4 protein chains.
Amino acid sequence: MSSIYAGSLQLSLFGQSHGEAIGMTLDGFPAGMQIDTEALRAEMNRRRPGTSRVTTARQEDDRVEFLSGVLNGRTTGQPICGVIYNHGQHSKDYGDGVDVIRPSHADYTGHVRYFGFEDWRGGGSFSGRLTAPIVAAGSLCRQYLRSQGVEILGHILSIGKVQDESFQACFREMQDWDNWKEGIRAPEGEALPTISGVSDSMREEIYRAAAEQDSVGGQVECLVHGLPAGLGAPFFDSVESTLARLLFSVPGVKGVSFGDGFGLSWMLGSEANDAFALIEKQVVTQTNHAGGINGGITNGMPVTVRCALRPTPSIGKAQGSVSLSRMEEEELTIRGRHDPCIVPRALPVVEAMVAIGIMDLWKERAACLT
Amino acid sequence: MSSIYAGSLQLSLFGQSHGEAIGMTLDGFPAGMQIDTEALRAEMNRRRPGTSRVTTARQEDDRVEFLSGVLNGRTTGQPICGVIYNHGQHSKDYGDGVDVIRPSHADYTGHVRYFGFEDWRGGGSFSGRLTAPIVAAGSLCRQYLRSQGVEILGHILSIGKVQDESFQACFREMQDWDNWKEGIRAPEGEALPTISGVSDSMREEIYRAAAEQDSVGGQVECLVHGLPAGLGAPFFDSVESTLARLLFSVPGVKGVSFGDGFGLSWMLGSEANDAFALIEKQVVTQTNHAGGINGGITNGMPVTVRCALRPTPSIGKAQGSVSLSRMEEEELTIRGRHDPCIVPRALPVVEAMVAIGIMDLWKERAACLT
Amino acid sequence: MSSIYAGSLQLSLFGQSHGEAIGMTLDGFPAGMQIDTEALRAEMNRRRPGTSRVTTARQEDDRVEFLSGVLNGRTTGQPICGVIYNHGQHSKDYGDGVDVIRPSHADYTGHVRYFGFEDWRGGGSFSGRLTAPIVAAGSLCRQYLRSQGVEILGHILSIGKVQDESFQACFREMQDWDNWKEGIRAPEGEALPTISGVSDSMREEIYRAAAEQDSVGGQVECLVHGLPAGLGAPFFDSVESTLARLLFSVPGVKGVSFGDGFGLSWMLGSEANDAFALIEKQVVTQTNHAGGINGGITNGMPVTVRCALRPTPSIGKAQGSVSLSRMEEEELTIRGRHDPCIVPRALPVVEAMVAIGIMDLWKERAACLT
Amino acid sequence: MSSIYAGSLQLSLFGQSHGEAIGMTLDGFPAGMQIDTEALRAEMNRRRPGTSRVTTARQEDDRVEFLSGVLNGRTTGQPICGVIYNHGQHSKDYGDGVDVIRPSHADYTGHVRYFGFEDWRGGGSFSGRLTAPIVAAGSLCRQYLRSQGVEILGHILSIGKVQDESFQACFREMQDWDNWKEGIRAPEGEALPTISGVSDSMREEIYRAAAEQDSVGGQVECLVHGLPAGLGAPFFDSVESTLARLLFSVPGVKGVSFGDGFGLSWMLGSEANDAFALIEKQVVTQTNHAGGINGGITNGMPVTVRCALRPTPSIGKAQGSVSLSRMEEEELTIRGRHDPCIVPRALPVVEAMVAIGIMDLWKERAACLT
């Protein structure tokens with residue numbers, strides 16, 4: 001089921017980087033939602049390459065066309081198929097193709113998995129381009145969740161060695177939600193939204209890597225505000241299991257954590273526990289080390305999640321490789337236009353995956369009867 | 001599907017901490033495997049409490065009885081149901097029950113999720129006790145994988161501030177597999193297996209926390225050796241997605257990463273990429289920053305995964321809480337026998353989950369036809 | 001996933017005829033339902049052998065013990081594991097075992113499927129005994145549905161050549177539901193409930209087959225009353241697809257149909273269509289040829305379904321067979337106590353499967369948001 | 001999961017009758033198969049309307065375009081997305097739309113299910129048009145199975161009162177497979193393939209219904225030749241459960257049976273049992289009442305399945321209905337071009353569903369390890 005996510009909500013992906021189109025089918029989505037096409041376009045643009053100097057100069061046209069499931073601008077409750085047609089791909093830029101395998105790409109593993117029949121052009125099914133339909137699906141989920149008072153907010157936690165403040169440090173401030181959230185994304189259209197205003201330093205970190213024909217990794221952090229307590233379940237459909245399965249589907253993600261994450265492993269219980277309190281007859285916690293999740297179930301506090309993204313494997317520097325046709329070692333130098341840092345474009349994808357996962361849990365919760 | 005994992009391999013869990021029995025049904029397991037009951041018992045004992053001073057003094061009898069799927073000591077290919085009967089539970093030790101909710105436990109979230117009808121005794125469905133059937137299932141998977149030349153090895157990466165060396169630093173040494181692996185678990189029966197011999201320091205870290213009525217967290221690291229290239233797939237059933245979904249089902253796990261994990265986010269591409277080479281006509285990588293996975297698919301190198309475990313939330317120190325019956329804030333002091341550190345007992349559970357996930361991927365791979 | 005049904009409701013089965021126990025895990029069941037143990041016992045008894053002369057004289061003790069998911073007699077919302085321990089099995093009665101394969105049994109196919117490692121004793125995983133946990137799960141679903149005003153009613157439609165009237169012919173009468181339904185099951189404890197009072201003739205049909213060391217087939221019909229319109233969906237989760245998948249899991253079922261079923265294939269559209277009308281502002285149909293389902297979705301009329309059951313394959317007459325050990329043709333005469341007709345005991349199983357399927361659709365419907 | 005079938009093989013459908021396109025994504029399909037585009041086109045044409053006088057005169061262009069999963073005419077092992085663009089639909093022919101609900105259509109149930117937001121144009125998601133992508137997916141499965149020696153053959157078993165001979169009566173003849181199968185489909189391009197040559201009588205039955213502004217039902221029968229023993233499993237993934245779930249997804253199917261089906265219910269065990277014998281060291285059965293399936297698992301004999309199809313609900317005769325807008329009873333006369341009998345066009349869809357189901361079982365079998 002590699003391309004199909006079949007929970008209470010279902011998502012099916014298709015397409016390769018250099019095929020005619022890429023797309024997704026989203027099933028189980030609520031009927032009657034008016035689609036905010038501006039919000040959708042904005043999300044698509046955040047992921048789209050070529051919109052700023054920190055990403056690749058490649059131009060992709062990421063307009064979503066709905067082939068089904070939408071009537072008069074509203075969702076019908078039936079499967080929503082959204083397609084993005086491919087234009088202006090430069091297959092020849094991608095070098096020698098699958099013969100000389102690109103280190104830390106899926107050239108080799110895809111070749112083994114698909115017995116040499118895989119569509120390798122531009123990364124094929126493994127291309128970051130496949131995340132465009134994910135953003136489209138995520139945008140719909142996000143719009144629905146927003147109508148229920150649930151908001152998803154993300155920022156760049158780090159680029160290389162440049163570190164932003166964490167949502168975990170803002171637990172008190174974010175209780176004044178409307179004011180606090182204003183500070184995150186400004187200025188408008190910023191590809192590197194941060195809490196502490198380190199976007200410029202991050203940008204320099206990326207330029208520095210790019211100048212050396214290199215790439216650089218980073219982390220993103222995401223927050224879900226407004227969730228009621230009671231979503232999720234222990235074990236295989238815990239909030240963490242649900243979100244992590246989706247997040248590790250994002251190319252380049254090599255680590256996922258919740259709340260204080262790996263930091264919790266260094267703590268004492270008395271430091272890590274979130275004491276309960278009452279505010280206006282509501283059970284709340286006084287801290288949020290657990291990232292809003294106890295025993296796999298939301299506790300009503302903001303859910304916080306972090307993803308570690310590896311540096312883009314496509315770099316201009318010479319690397320050791322192997323030619324599959326000649327079965328000889330061979331040095332490889334990758335040419336073409338590549339993201340020196342995938343993190344800014346990964347952020348909207350991570351937010352989309354969080355939206356999809358939360359929507360899945362939301363639906364599952366609705367099916368809990370008494 | 002909270003208690004059911006339905007991949008190419010299927011696992012269904014049942015039981016609560018203080019019910020009559022806990023257990024699992026494992027379906028899709030290969031027919032004809034002679035069960036190594038000694039190996040099974042050894043795995044169960046590693047997880048069982050009361051076996052060393054670093055864990056709780058509670059005694060649990062974790063003998064697995066197979067109700068189905070086994071005939072004359074061999075698996076039949078039919079659903080394997082393994083049950084562990086509960087004995088000698090002391091429900092009254094667990095204090096005031098669900099009324100005054102224990103911080104960072106699932107008392108509150110379970111109460112909301114199950115509308116107040118949950119079995120709260122001893123943690124109910126959320127109890128670490130539920131991991132016993134997981135170890136049983138994992139042991140069977142492990143035995144099968146071993147017969148195919150695949151081994152799973154784990155160690156304690158850190159307890160509190162005490163850090164062991166990482167598998168990631170041993171990539172060259174482990175190529176001399178048989179010699180190298182001998183060094184990890186010695187001495188026999190060690191609850192805190194380490195690479196660099198820091199078990200004693202870790203033990204002291206745990207005693208220190210216990211002495212202060214506190215608990216301490218840690219990390220475990222796990223390695224899968226002998227996997228062929230080609231297991232897994234891009235997106236929702238990537239190796240990372242499959243394993244992470246299972247690992248985040250383990251109570252207390254708040255972070256999961258692969259290869260260099262979060263460390264990759266601070267690297268340049270030229271540092272993080274694993275160059276290819278040829279050894280005896282086999283494609284290999286010269287480093288293993290990616291933890292044996294490219295594009296969600298195994299590349300033939302050891303798969304490495306880390307889990308961050310939070311400190312046990314049950315601590316003897318007074319904590320802020322809320323009485324659900326009176327809806328008043330109230331201080332809570334938890335009594336009873338608890339693990340000052342869950343990490344040693346979590347290690348076999350994490351290894352079991354890795355075995356289950358790899359077995360699932362193994363079966364999925366077998367269904368890939370040409 | 002042979003033993004696991006993973007819809008909005010999940011059911012996992014385990015056990016073999018001659019193992020220590022058989023059972024089921026039901027997950028996703030609503031929290032807080034007081035279990036009616038009398039109703040559960042009554043359902044179990046209907047399926048249990050040895051209760052009347054029309055079934056086998058074998059005695060089985062079908063007491064359900066809940067290992068989890070029930071507290072103080074109420075469901076907790078957590079996985080419900082129900083176990084039935086096996087007692088007093090006479091393995092030796094089953095003849096030569098898997099060597100000389102019983103015609104139309106699963107001896108041969110199970111042998112191939114499980115590579116000769118299967119538990120063949122008494123039919124192993126294929127035994128009708130495995131339907132006991134299904135009845136247990138179905139009884140819980142039925143109790144929940146009843147609390148929502150939904151009732152499931154079944155009767156024997158035919159035994160051999162003896163035919164009862166069909167629910168399809170009672171569409172008008174059943175609109176006076178409470179009075180009408182009283183007529184079906186009388187007299188109390190009747191193993192062969194019929195509409196037109198042909199139980200005695202059916203009983204004779206069974207005795208006649210038994211007297212000749214033979215067996216006889218039959219049909220059952222089931223009705224779901226009180227369902228709202230809107231359950232189900234087109235395609236793979238249609239009401240028909242959902243119920244048929246479950247019903248064809250019942251050993252011996254070789255045909256399933258809805259409404260007028262195969263009879264519809266001989267009709268004209270003007271005969272088969274169910275015209276709409278209004279009764280008290282409610283949309284109703286004037287006939288119910290479609291069995292309450294249009295386009296895979298309930299229309300508010302009673303859902304009606306029929307199952308054809310083959311004659312029990314275990315007969316005392318000599319049959320042509322093959323010895324697997326000698327790979328020679330060999331005549332086989334089956335001894336032991338067997339049902340001359342499985343239909344009376346299959347009826348509660350079919351009703352249970354319908355209850356499970358409707359419960360699954362009920363939960364799925366609850367997750368449809370706007 | 002209404003539009004997604006997620007077994008060992010996965011299929012996701014999308015589209016509505018009057019949307020821009022309809023299509024499917026097929027995942028888990030083997031890599032490296034050269035697609036026979038002629039065979040695909042031929043299958044699509046069999047389902048396509050407007051090809052003979054027994055079907056609607058509407059013209060649809062059913063050319064399948066592969067957006068992904070195919071490279072140089074070969075499957076890549078990655079998700080195959082096939083799209084069929086809609087052209088020349090006449091929405092206005094469909095009358096008053098969802099206001100006055102068409103009897104035995106999904107107008108009313110879809111309206112309830114989707115809360116009034118459904119795409120009702122031309123039947124929306126419920127349209128028979130959605131079966132076109134199913135035929136495309138089925139054709140690929142069929143091509144793969146053929147390469148493994150497995151063939152799927154179907155015929156019209158009945159139209160109205162006109163009955164063809166059954167495959168069940170041909171068990172001996174079909175053992176001379178190559179000669180026997182030649183007799184079924186002749187003459188070439190026959191929309192009503194029969195065994196006993198009653199196509200002309202069937203055609204007249206259809207003309208007669210059409211002349212009276214009416215429609216007529218029928219049955220199709222399908223056979224799978226060349227299957228090895230051992231596919232399938234007891235319970236939820238039995239061969240019968242797997243195929244029935246898929247077959248009941250076909251609009252208009254109201255009954256499914258295997259082997260002698262409902263006829264088995266009237267038999268004695270001694271009549272219904274299939275005695276075993278040996279032919280060239282192979283276990284075979286002397287009859288095939290069970291339709292090649294024992295205990296949910298194939299026994300190596302041909303699998304036979306029947307489907308009952310209701311008459312097309314769209315008829316020109318006046319029918320009782322209800323106006324949803326006015327909530328008044330109102331007579332409805334449906335105008336436009338409709339199939340007087342859906343059976344000829346349903347046959348390739350049924351065959352496609354059988355191919356998809358067998359392929360799913362085939363893959364599941366491949367994952368059975370020892």
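Predicted model: local features only at pLDDT ≥ 70, side-chain atom pairs only at ≥ 80, totals over all residues.
Q: What about the numbering and cut-offs?
A: Residues count from 1 along each chain as its sequence is written, and chains are lettered from A, ligands numbered from 1, in the order written. Local features need pLDDT of at least 70 and side-chain atom pairs 80 or more, while totals for chains, interfaces and linings use all residues.

Q: How many residues does the contact take from chains A and D?
A: 37 from chain A and 36 from chain D. Contact means C-beta atoms, placed from the backbone, within 7 Å.

Q: Which strands of chain A supply at least two residues each there?
A: β1 (4-6), β2 (10-14), β3 (21-27), β4 (65-68) and β6 (74-75). Strands are DSSP runs of E, at least two residues, numbered from the N terminus.

Q: New topic: what's the order in the open sheet of ten strands?
A: β9(C)-β8(C)-β10(C)-β16(C)-β11(C)-β11(D)-β16(D)-β10(D)-β8(D)-β9(D), with antiparallel pairing. Strands pair if DSSP finds at least two bridges between them.

Q: Which strands are at the edge?
A: β9 (162-163) of chain C and β9 (162-163) of chain D; each pairs on one side only.

Q: And how many bridges join β11 and β16 of chain D?
A: Five, in the antiparallel sense. D:S257 has D:R306 as its bridge partner in β16(D).

Note on methods. Helix = DSSP H or I, 4+ residues; strand = E, 2+ residues; numbered from the N terminus. Contact = placed C-beta atoms within 7 Å.
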